[in-house]
Every structure is written in structure tokens, then in C-alpha cells.
Amino acid sequence: DTFTGILVVLSFPVVIAGIVLAPKIISLVYGEGYASSVLAFQLLIGMTGIALLHSPFSHALLVFNRQKKMLWVYFFGAAINVLLNLALIPKYSLYGAAVASICTALVTLLIFAVLTGRYTSVKVGSMKLVGASMLSVVSTGVMYGVISNPPVYNFHIFLSIPIGAVTYLAALLIFRRLFVFEIARI
């Protein structure tokens, strides 16, 4: 539960910042000639964020000696990915592959969560996790507002990223205090 909360708190802002700053990242690393790959990069960043979230569930299954269940989830995910790639790549090329990866990550996340709830004593979807998720979403929203604002967005990426990180952490701390204060008043 704590591990999943930490992953949410860390991965959500990284995914959103990566999506917002993708054009600048691609330009910096590969040059303007690769601008057409920005959408695929953004899709794959989203997929990576989703894939990270299934890690605590797969680890729980491993700890509870449910490796066979994990194997079947990975096999099923691979089969879905191959089928989606066959359907989407001919029409949408690399964007189809990226969408197939996102769909596969979402399906495996859902299956891992269900199996973890069913075959382990780990509580899936606890209030602590919901609270951490809400806190991260709101704080990421503040960060998004700052880094997508033209004056900050137009800074060099090596300045935009730290500004986004500081904004996120400040918002996280402020909203955490407000949230805890409101709960204490109830």
C-alpha cells in the first residue's frame, strides 16, 4: 500500500511533465528533425506510468507465491499486445504500436490488481492509496499549470524541469497539510 502510494506520488508528475515537455525533450536529444515522434514519445511516457503501477501488485503476487498467476498475466498481456499491434500498426504505424502498449499496460494493471486482491492479503484500493492519488493529481495539476505557462515553458528544459519539480513538491506539501487539517476537523 505504501509502495504503491509512493509510486503514484512519484510517477504521476513525471508522466505529466514528460508529456508536457516532450517537444522540448525530443528537440534537445534528437533535434528538430524528429518533431514527428513527439506524440509517440508522449504515448509511451503514459504507458510507462501505467506499467509502473502494476509493479506493487506483481510483487505482492510474488511474495504470496503466486508466480503462476503472474506468468499467465504476462502471457495474456503479450497476446493482447501482439493482436493489437497486428490491428493497429498497419493503419497507424508507430502510433498504433504506442496505443497497443498503453492498452496492454492498462489491461495487465487491472488483472494484476484483481488477482492481488483475490489471492493475497494485500488491500487493493485502500483509502490511503486513494488519498495519495488525489493528492498527487491535485499537486500535478498545479505543476502542469506552471510548466505549461509560456514564460516557464519557454525556459530551457534544464530550468523548466527543476521549476516543475519544486512546484510539485511545494504543492504536495501544502495540500497534504491542508488535507490532514481538514480530516482532523471532521
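This briefing describes the overall build of one protein chain and then several of its local features. The model is predicted. The protein chain has seven helices and zero strands, and 37% of its 186 residues count as buried.

**Overall build**

- Read from the N terminus, the elements of the protein chain follow the order α-α-α-α-α-α-α.
- Along the principal axes, the C-alpha atoms of the protein chain occupy a box of roughly 55 × 50 × 20 Å.
- The protein chain exposes about 11100 Å², and carbon and sulfur atoms supply 75% of that area.

**Helix α2**

- Helix α2 covers residues 38–53, which makes 16 residues.
- From its first C-alpha to its last, helix α2 reaches 23 Å, close to the 22 Å expected at 1.5 Å a residue.
- The buried residues of α2 include Val38, Leu43, Ile45, Met47 and Ile50; Ala40, Gln42, Gly46 and Gly49 are also buried residues of α2.

**The nonpolar surface patch**

- A nonpolar patch on the surface is formed by Leu28, Val29, Tyr30, Tyr34 and Phe158.
- Together, the residues of this patch have about 590 Å² of accessible area.
- Helix α1 contributes the largest share of the nonpolar patch, with three residues.
- Tyrosine 34, a member of the patch, is placed in the loop between α1 and α2.

**Aromatic pairs**

- The structure holds three aromatic pairs, one of which joins tyrosine 30 and tyrosine 34 in a tilted arrangement.
- The ring centres of tyrosine 30 and tyrosine 34 are 5.6 Å apart, with 50 degrees between the planes.
- Tyrosine 30 has a relative accessible area of 53% and is therefore exposed, whereas tyrosine 34, at 48%, is partly exposed.
- Tryptophan 72 and phenylalanine 75 form an edge-to-face aromatic pair, at 5.7 Å centre to centre and with 90 degrees between the planes.
- Both tryptophan 72 and phenylalanine 75 lie in helix α4, three residues apart, or about one turn of the helix.
- An α-helix has 3.6 residues a turn, so residues three or four places apart point the same way.
- Tryptophan 72 counts as exposed because its relative accessibility is 58%, and phenylalanine 75 is exposed with a relative accessible area of 53%.

- Serine 58 is placed in helix α3, which covers residues 55–63.
- Serine 58 counts as buried because its relative accessibility is 6%, and buried means under 20%.
- Leaving aside residues up to four places away in sequence, serine 58 touches Met70, Tyr74 and Phe112.
- Serine 58 and leucine 115 are 57 residues apart in sequence, but their C-alpha atoms are 9.0 Å apart in space.
- Threonine 4 is placed in helix α1 and, at 7% relative accessibility, counts as buried.
- Leaving aside residues up to four places away in sequence, threonine 4 touches Pro56 and Leu129.
- Threonine 4 and tyrosine 153 are 149 residues apart along the chain, and 30 Å separates their C-alpha atoms.

Key
Residues numbered from 1 in each chain as written. Predicted model: local features only at pLDDT ≥ 70, side-chain atom pairs only at ≥ 80, totals over all residues. Heavy atoms only, no water. Helix = DSSP H or I, 4+ residues; strand = E, 2+ residues; numbered from the N terminus. Expected span 1.5 Å × (residues − 1). Buried < 20%, exposed > 50% of the residue type's maximum accessible area, 1.4 Å probe, protein only. Patch = residues over 30% accessible without salt bridge, like charges linked within 9 Å, V, L, I, M, F, W, Y side chains within 5 Å. Areas by Shrake-Rupley, 256 points an atom, 1.4 Å probe, with all protein chains shown as cover. Salt bridge = Lys/Arg side-chain N within 4 Å of Asp/Glu carboxyl O. Phe/Tyr/Trp six-rings, centres within 6.5 Å; stacked < 30°, edge-to-face > 60°. Contact = heavy atoms within 4.5 Å.
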